[in-house]
Amino acid sequence: MGSRSRLRFILRRLLHTGVTVWLVASIVFLMFRLIPGDPAAMLVDATFPSSLRLEILQRFGLDQPLHVQYVAYLANLARGDLGWSFFYNRPVTDIIGGALVNTLVLALSSFLVAYGLGIAGGVVLAWKRKTRIDTYGTLLALVFRASPAFWTGMLALMLFSYRLDWLPHAGLRTPGYAAAGLLGKYLSYDFLVHLTLPTLVMGLYYVGYPMLLVRNTMLEVFGEEFIEFARARGLSEWRVMFVHALRNALLPVVTAATVFLGLALGGQIVVEYTFSWPGLGREIVLATQHRDYPVAQAMFLVLAAGISLMNLLADLLYPYLDPRVRAHA
Amino acid sequence: MRTTLSQHTRILTAALAALLLIGPAAGPAGGAPGGEAVRIVMPTASVTFDPRRWEASLIVANAWKSLGIDVEVVPFPDFPSLAARTGRQPFNYDAFVSTFVGRPERLDPDALMHAPLHSAGIGDGGSNAFGYASPAYDRLADAQRRELDARKRRAIVFQMQELLAKDAPFITLYHNQNVVPYNKERFTAMVPMIGRGLWNFWTLVRARPAGRERTFRLGWADDIDTTNPLANSTAVESMRLVYDFLARIDPDGQAVPWAAESWKKVTSTSVDVTLRQGLTFHDGRPVTVDDVVFSFEFAKRFGTAPYYRSALEPVKSVRRVNDRTVRILLERPFPPLFMITFPQVPILPRHIWENVAQREGVESPARWSNPAPVGSGPFRFVHWRRGEELMLRRFERHFNAPQAESFLAIHYANTEAVFQALVKGDVDIPDEGITPLQVGQARRVPHLGLATIDDFSVYYLGFNLRRPPFRDAAFRSAVKHTIDYKTIVEAALGGLGVPGTGMMAPVNKFWHNPAWAQWLNTDYKFDLAEARRMLQGAGYSWDAQGRLHYP
């Protein structure tokens with residue numbers, strides 16, 4: 001693939017991403033206005049005179065016709081202005097910023113657990129195929145995959161937090177902690193202790209997918225001639241598995257991993273709720289309850305943009321990882 | 001001949017009368033019913049939104065079904081969606097179950113008895129979801145607003161309650177009791193406050209450390225919205241610790257002078273307030289009468305929080321009289337001035353707020369984030385980490401400095417996590433009462449005590465008087481006998497509550513009309529047979545399947 005055609009490919013994919021984000025923006029705009037109830041209901045009930053409700057809707061610009069609101073929303077979005085939160089009375093970017101960091105930290109740590117354990121486990125399962133290790137390992141991965149994260153989360157809380165009191169049950173840090181720099185806040189021992197349970201619960205929930213993916217792709221690769229050749233060269237089985245077979249079985253895992261990272265931004269709603277983790281997922285729930293349209297819209301946009309970007313990244317990485325893709329293009 | 005005719009007439013009349021009387025009663029056996037079948041659409045809170053209200057709604061719906069009424073119960077997942085259905089065009093509901101949460105400001109009858117029931121609020125999106133239009137009631141509701149003599153005003157409010165009990169635009173199902181657990185080993189002398197439970201101003205200034213722990217901890221499931229007192233709603237109670245007010249509502253629900261040393265009514269529309277001496281803002285500057293004048297005018301002009309409307313709308317102006325006194329001039333006599341206005345308008349430091357919009361580059365003062373609030377209240381602001389915690393510290397120079405050294409409010413994602421934090425000893429009180437299920441669990445935890453607090457929240461069954469069947473006063477009178485209060489309190493509330501008595505709960509002693517005890521045994525007595533008789537008397541009838549029909 002020449003550099004010009006690659007540039008064209010990238011541009012085309014960027015255009016696709018742009019269209020996707022616009023579609024999502026439009027859908028969430030409509031979706032939140034279709035849910036019955038408006039943000040004024042959170043602030044005024046029947047003990048206030050009726051005029052007050054209209055005044056509040058006016059202040060939020062919700063008295064305008066829908067198409068006027070939509071055009072204003074898109075125009076602001078194009079300028080990078082996500083709007084003003086009705087509930088928190090501050091710019092939406094302020095609210096998303098902090099939540100996004102918390103969510104990313106949890107997503108990355110559970111990614112490491114899921115894909116570290118998953119890939120290593122997949123190799124072992126393929127290596128020991130048709131033994132008890134394979135049978136029970138596969139079963140275990142499927143059990144974690146099949147149990148809802150809130151349920152395993154609650155069990156983990158009951159055991160490790162309420163009963164044994166080894167780990168905290170909620171939040172990012174011990175309440176009342178001394179303020180430190182941004183880096184210090186996320187690199188402290190206290191934070192790691194709080195991160196452990198949600199990471200494990202989420203990591204174990206997702207571990208099955210890469211594990212089985214690696215196992216099955218490895219089994220396909222085993223039939224290839226270069227594996228025979230590697231063995232014939234007298235390489236250790238360990239080296240054959242992790243260096244020769246695994247490297248060639250990683251391609252689908254890369255796709256899965258990028259999509260996972262995109263989805264993990266929003267897929268943690270349940271875990272964040274169970275562990276009182278102040279991230280994007282929990283903020284989406286709150287914003288929906290409060291009918292805080294600007295925050296809810298922005299959250300969904302961030303998720304959509306995350307997933308689109310990660311897909312784009314997967315597409316761009318492919319040619320580097322697999323020369324065959326380069327050749328076919 | 002004449003006799004025969006009169007005899008015939010008499011027989012005919014008797015037969016006709018018998019037909020009229022017996023006809024409806026014979027309905028189920030096959031008599032021809034009059035109008036259409038009675039059908040009721042009833043929006044209410046879903047079981048996840050509020051399990052107690054959902055249970056109570058089902059108990060009412062079942063009683064109605066046993067009378068042959070076709071009831072459709074429509075659950076709503078949250079308040080905005082329920083509110084969007086009731087009181088809005090096309091007014092497509094017959095009965096609905098909703099709540100007025102008891103807040104101390106609502107102890108004054110004006111909040112619950114004026115806007116929600118005055119005919120001025122009947123329109124689309126208006127405050128009067130019932131469509132109740134009674135000129136007699138409107139007159140009384142307006143009159144109590146002007147009456148300055150508390151006893152005379154109470155007499156009017158009693159009349160209003162009597163009228164409502166008779167007209168029944170709504171029936172209050174219950175007033176609940178809250179069970180609030182607290183950590184009895186770390187702090188003592190917590191103060192239960194009417195309408196608020198333990199999470200209130202008085203607990204925070206009076207609670208005494210029992211051991212070494214000097215930080216009082218609250219666990220809550222609802223984060224504060226903003227620290228700007230001009231715009232906040234969920235942060236109100238926390239900011240009440242940081243800012244001071246002319247008056248505060250005491251644990252029994254009475255307004256007591258606070259930053260004001262005293263007040264004096266000059267005329268029916270002017271009040272002189274004397275400021276307490278020696279008050280200081282947290283930045284060291286003194287609180288002056290100029291700050292008070294400024295705060296009232298500033299809040300009236302820029303306050304966007306809804307409660308400023310009811311608090312400041314009747315205030316015409318505030319003037320400085322001398323170094324210690326301000327005069328408040330009212331548009332009209334306004335009896336709840338001390339209950340609604342004084343405890344809700346914070347005293348703001350003029351030197352910080354005066355030019356805030358220009359200084360901070362915001363559109364209006366209500367939009368400033370106010371990252372480090374400076375007030376003159378008993379607690380100083382330390383930090384707020386959104387989604388995590390709010391930290392305040394004792395302000396030593398306050399005239400009523402708290403016993404605890406600090407206050408830490410910790411945010412959890414849900415009420416179960418708050419409860420577990422109590423069990424673990426991570427927090428000292430929750431922000432709200434716990435469920436009957438949790439009560440059993442809390443009893444087994446040695447460090448937890450349980451406080452039972454009467455609430456004056458109003459859980460009511462509202463009727464849509466704009467259309468049948470509830471447009472018909474006779475139908476409503478019959479429905480008064482269909483509320484099984486005993487089962488509602490026992491089954492839906494686990495015994496934690498009392499039968500509903502209109503807008504004024506029994507615990508609101510001064511305003512509650514004691515005649516309710518009698519009405520609950522007469523007009524509102526649970527008696528389905530009586531309800532049936534009354535419906536019959538009003539011309540309703542039943543078809544062969546036992547369905548109730550309009551006359």
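Guide: Welcome! Two residues count as in contact when their C-beta atoms, placed from the backbone, lie within 7 Å. Please keep in mind that this is a predicted model.

Visitor: Thanks! What percentage of the contacts in chain A with a separation of 6 or more comes from residues 24 or more positions apart?

Guide: Chain A is built with 16 helices and zero strands. Among its contacts with a separation of 6 or more, the share from residues 24 or more positions apart is 73%.

Visitor: And how much of chain A is buried?

Guide: The C-alpha atoms of chain A fill a box of roughly 85 × 60 × 40 Å along the principal axes. A residue counts as buried when 20 or more other C-beta atoms lie within 10 Å of its own. Of the 329 residues in chain A, the buried part is 39%.

Visitor: Which residues of α11(A) make the contact with α10(A)?

Guide: Helix α10 (residues 225-232) and helix α11 (residues 237-249) of chain A have axes that come within 10 Å and cross at roughly 145°, and the crossing is right-handed. Five nonpolar residues, one polar and one charged make up this contact. From α10(A) come F226(A), I227(A), A230(A) and R231(A), and from α11(A) come V240(A), H244(A) and A245(A).

Visitor: Let's move to where the chains meet. Which element of chain B gives the largest share of the side that touches chain A?

Guide: The contact draws 45 residues from chain B and 35 residues from chain A. On the chain B side, the classes are 19 nonpolar, 17 polar and nine charged residues. Elements supplying at least two residues each include α3 (79-85), α10 (307-312) and α14 (415-424) of chain B. With six residues, the largest share belongs to α3(B).

Visitor: Is strand β1 of chain B largely enclosed or open, and why?

Guide: Strand β1 (residues 39-45) of chain B pairs in the parallel sense with β2 (residues 70-76) over seven bridges, and T44(B) has P75(B) as its bridge partner. Together with helix α2 (residues 51-66), these two strands of chain B make a right-handed β-α-β unit. Because five of its seven residues are buried, β1(B) is largely enclosed.

Visitor: Which strands are at the edges of the five-stranded sheet?

Guide: This open sheet of chain B runs in the order β14-β15-β16-β7-β17, with mixed pairing. An edge strand pairs on one side only, and here the edges are β14 (379-385) and β17 (429-430) of chain B.

Visitor: What angle does α14(B) make with β7(B)?

Guide: Strand β7 (residues 215-220) of chain B runs parallel to β17(B), joined by two bridges, and G219(B) stands opposite P430(B). Helix α14(B) packs on the sheet and touches both β7 and β17 of chain B. Its direction relative to that of β7(B) makes about 150°.

Visitor: One last stop: is I194(B) buried or exposed?

Guide: I194(B) sits in the loop between β5 (187-188) and α7 (201-206) of chain B. Leaving aside residues up to four places away in sequence, its contacts are P104(B), P251(B), D252(B), G253(B), F456(B) and V507(B). The cut-off for burial is 20 or more other C-beta atoms within 10 Å. I194(B) has 23 of them, so the residue is buried.

Conventions. Residues are numbered from 1 along each chain as its sequence is written. Chains are lettered from A and ligands numbered from 1 in the order in which they are written. This is a predicted model: local features need pLDDT of at least 70, side-chain atom pairs count only at pLDDT 80 or more; totals for chains, interfaces and linings use all residues. Axes are lines fitted to C-alpha atoms, for helices over the stretch in contact, and angles run from 0 to 180 degrees between N-to-C directions. Helices (H or I, at least four residues) and strands (E, at least two) are DSSP runs, numbered from the N terminus. A crossing is left-handed if the near helix is turned anticlockwise from the far one by less than a right angle, and right-handed if clockwise. Ala, Val, Leu, Ile, Met, Phe, Trp, Tyr, Cys and Pro count as nonpolar, Asp, Glu, Lys and Arg as charged, and the others, Gly among them, as polar. A residue is buried if 20 or more other C-beta atoms lie within 10 Å of its own, exposed if 12 or fewer, and partly exposed in between; C-beta atoms are placed from the backbone. Two strands pair if DSSP finds at least two bridges between them. A crossover is right-handed if, with the strands pointing away from the viewer, the path from the first strand over the helix to the second runs clockwise.
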